[in-house]
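User: I have a protein model open and would like to learn how to read its features. Can we take them one at a time?

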Amino acid sequence: MKEAECYPCKGDKLVVMPGVKNTDVNGQDTDNHVTNPVTTPTSDQQNTTTNTTPVTQQTAATSVVGSLSDSEQEAKDWIAARESNGSYTATNGRYYGKFQLDTSYLNGDLSPENQERVAEQYMLSRYGSWTAAKNFHVQNSYW
């Protein structure tokens, strides 16, 4: 494996897709200027109030066993095999774990659960699917 294969962030660029909210790998809104008004009913009235607090969009992780399609699971497993041979403790410089994520993305939590969650968020924000991430990896030797 060439060294560049383990650098998932090398050449990283923000990709803006219509209708997709821009978030970082921690799920935080990167469009800080956006305020999402939310209308919610009050507890004792049928009237509504408008809340202008920004809403953080959270995406449920799809890394739960059985929740990915066969092709998505195959692509995810393929990336993990190429990046770390599936090891949650693999290291290469500042890249760590099963998906060789930059340790700054993991915020000090190197647990397998956090690696899965952060990898899922990274994949969704950058590629939209594990299959697209795999296709990028095939062409570039990193993801």
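Analyst: Start with a pair of helices. This is a predicted model, and in it helix α3 (residues 112-126) and helix α4 (residues 130-140) have axes that come within 9 Å and cross at roughly 80°.

User: How are α3 and α4 oriented to each other, given that angle?

Analyst: Angles of 65 to 115 degrees count as roughly perpendicular. The axes of α3 and α4 cross at roughly 80°, so the two helices are roughly perpendicular to each other.

User: Which residues make the contact between α3 and α4?

Analyst: From α3 the contact takes Ala119, Glu120, Met123 and Arg126, and from α4 it takes Trp130, Ala133 and Phe136. Sorted by class, there are 5 nonpolar residues, 2 charged and no polar ones.

User: Is Phe136 buried, partly exposed or exposed?

Analyst: Buried means under 20% relative accessible area, and exposed means over 50%. Phe136, which lies in helix α4, has a relative accessibility of 21% and therefore counts as partly exposed. Leaving aside residues up to four places away in sequence, Phe136 touches Arg126, Tyr127, Ser141, Tyr142 and Trp143. Across the protein, 33% of the 143 residues are buried.

User: What is the order of helices and strands along the sequence?

Analyst: The protein has 4 helices and 5 strands, and along the sequence they follow the pattern β-β-α-β-β-β-α-α-α.

User: How should I read a sheet?

Analyst: Strands of a sheet pair through backbone hydrogen bonds, either parallel or antiparallel. Here, an open sheet of 3 strands runs in the order β3-β4-β5, and its pairing is antiparallel. β3 (91-92) and β5 (101-102) are at the edges with a single partner strand each, so one side of each has no neighbour in the sheet. Between β3 and strand β4 (residues 95-96) there are 2 bridges, in the antiparallel sense. Opposite Thr91 stands Tyr96 in β4.

User: Where is the pLDDT under 50?

Analyst: One such stretch is residues 1-20, which has 41 contacts in the model beyond four places in sequence. Residues 29-66 also have a pLDDT below 50, with 43 contacts in the model beyond near neighbours in sequence. Where pLDDT is low, the predicted coordinates should not be read in detail. For the protein, the mean pLDDT is 72, and 54% of residues reach 70 or more.

User: What share of the contacts with a separation of 6 or more joins residues 24 or more positions apart?

Analyst: In this protein, such pairs account for 45% of those contacts.

Methods: Residues numbered from 1 in each chain as written. Predicted model: local features only at pLDDT ≥ 70, side-chain atom pairs only at ≥ 80, totals over all residues. Heavy atoms only, no water. Axes fitted to C-alpha atoms, helices over the stretch in contact; angles between N-to-C directions. Parallel < 35°, antiparallel > 145°, perpendicular 65-115°, else oblique. Contact = heavy atoms within 4.5 Å. Nonpolar A, V, L, I, M, F, W, Y, C, P; charged D, E, K, R; others polar. pLDDT = per-residue confidence, 0-100. Pairing = 2+ DSSP bridges. Buried < 20%, exposed > 50% of the residue type's maximum accessible area, 1.4 Å probe, protein only.
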